[in-house]
Amino acid sequence: MQQSDGYRLRGLWEDLGLGPGMVVMCHSFLPSLGRFIPGPEIVVDTLLEQISPSGTLVVPTFSYSYFQGEVYDVEKTPSLMGVLSEMVRSHPSAVRSLDPNFSMAAIGPAAETLMHRDILHSFGPASIYDKLMQADFRVLLLGVDYTALALFMHLEKIHAVRYRHDKTFTGTTSYQGRTFPDTAVHFVRDRVLNPVSDRNRIGALIDHEPECRKRAFGYGEHRFLPASTVAGVVAEQLSKDPFILIKNPVG
């Protein structure tokens, strides 16, 4: 890319259909967009400009802290989800959720409300994902395919797939100078049934939905679509094949 990086990125956002007031969750592999002048921060800056002051940008900042027996420091624990995720997490205007395993961070007017943790469950009814669904959020996949989309775990919980079950994790969280014990409930894969996730089959079906927009740019392919489209395809396909999201049918 040359000096017109910002212009070209804005063109990509427009081609994909990002617009003012949207709630956008971005999963990303930043190198897929190419090199940036003056730096990669221009990706976050142009995204925020594109959805305007009334829109909210959300990224996963998963740390899996309690899974690994580590303290979850809301302000300091780094995201394990890539460069763009970490840039948003460390942004001065970002709000990060208290989930010690599957945290998210958001920038925008809806950030405080969406990131507030109302229940201990990471997925399912009343979770942050549920609030995002109610906010009609969109999914932006930059250089990654559907294997990166954690929304599927929320939908598996909503549809109560039989190869996952709730498991409680306990640990310690640090937030605003206070340290306290906490609990998180994840809808884990059943170790006896041993399902292997496969999101490519259903991803191929989602790609054919008219609401799914794909564009080649830089070194990758990028997608933008409503989360409700993903949810609709998942509901339809699970009614036909309860194992559509895994490789190995289980008993």
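**Cavity**

I took a cavity as a set of points on a 1 Å grid, over the protein atoms alone, where a 1.4 Å probe fits but cannot get out. Points are joined across faces, edges and corners, and the volume is the space filled by probe spheres set on them. My search of the whole structure gave one cavity of 30 Å³ or more. For classes, I counted Ala, Val, Leu, Ile, Met, Phe, Trp, Tyr, Cys and Pro as nonpolar, Asp, Glu, Lys and Arg as charged, and the others, Gly among them, as polar.

**Ground rules**

I have to remember that this is a predicted model: local features need pLDDT of at least 70 and side-chain atom pairs pLDDT 80 or more, while totals for chains, interfaces and linings use all residues. Numbering runs from 1 along each chain as its sequence is written, and side-chain values use heavy atoms, with hydrogens and water left out.

**Pockets**

Next I looked at pockets, each an open set of points with protein on both sides within 12 Å along at least five of seven lines. The largest pocket has about 400 Å³ of space. I found 17 residues lining the largest pocket, with Phe67, Arg164, His186, Val188 and Arg189 nearest its centre. Strands E7 (164–175) and E8 (178–189) are the elements giving two or more residues to that lining, and E7 gives the most, with four. Helices (H or I, at least four residues) and strands (E, at least two) are DSSP runs numbered from the N terminus. I sorted the lining of the largest pocket into six nonpolar, five polar and six charged residues.

The second largest pocket came out at about 330 Å³. Of its 15 lining residues, Val74, Val95, Arg96, Ser97 and Tyr175 lie nearest the centre. Strand E4 (95–96) and helix H4 (111–115) each supply at least two residues of that lining.

**Helix H2**

Serine 52 follows H2 and has a positive phi, near 70 degrees.

**Lysine 157**

Which helix holds lysine 157? I found lysine 157 in H6, residues 151–158, and at 18% relative accessibility lysine 157 counts as buried. I noted a 2.9 Å polar contact between the side chains of lysine 157 and aspartate 166; such a contact is a pair of N or O atoms within 3.5 Å, one able to donate a hydrogen and the other to accept it, and residues adjacent in sequence count only if both atoms are side-chain atoms. Leaving out residues up to four places away in sequence, lysine 157 touches His121, Phe123, Gly124, Asp166 and Phe187.

**Cysteines**

I counted zero disulfides, taking one as a pair of cysteine sulfur atoms within 2.5 Å. Cysteine 212 has its closest cysteine sulfur 14 Å away, in cysteine 26, so the two are too far apart for a bond. I have cysteine 26 as buried at 2%, and cysteine 212 as buried at 10%.

Technical notes
On a 1 Å grid over the protein atoms alone, a cavity is a set of points where a 1.4 Å probe fits but cannot get out, and a pocket is an open set with protein on both sides within 12 Å along at least five of seven lines; lining residues have an atom within 4 Å of a point. Buried means under 20% relative accessible area, exposed over 50%, partly exposed in between (1.4 Å probe, protein chains only). Contact means heavy atoms within 4.5 Å.
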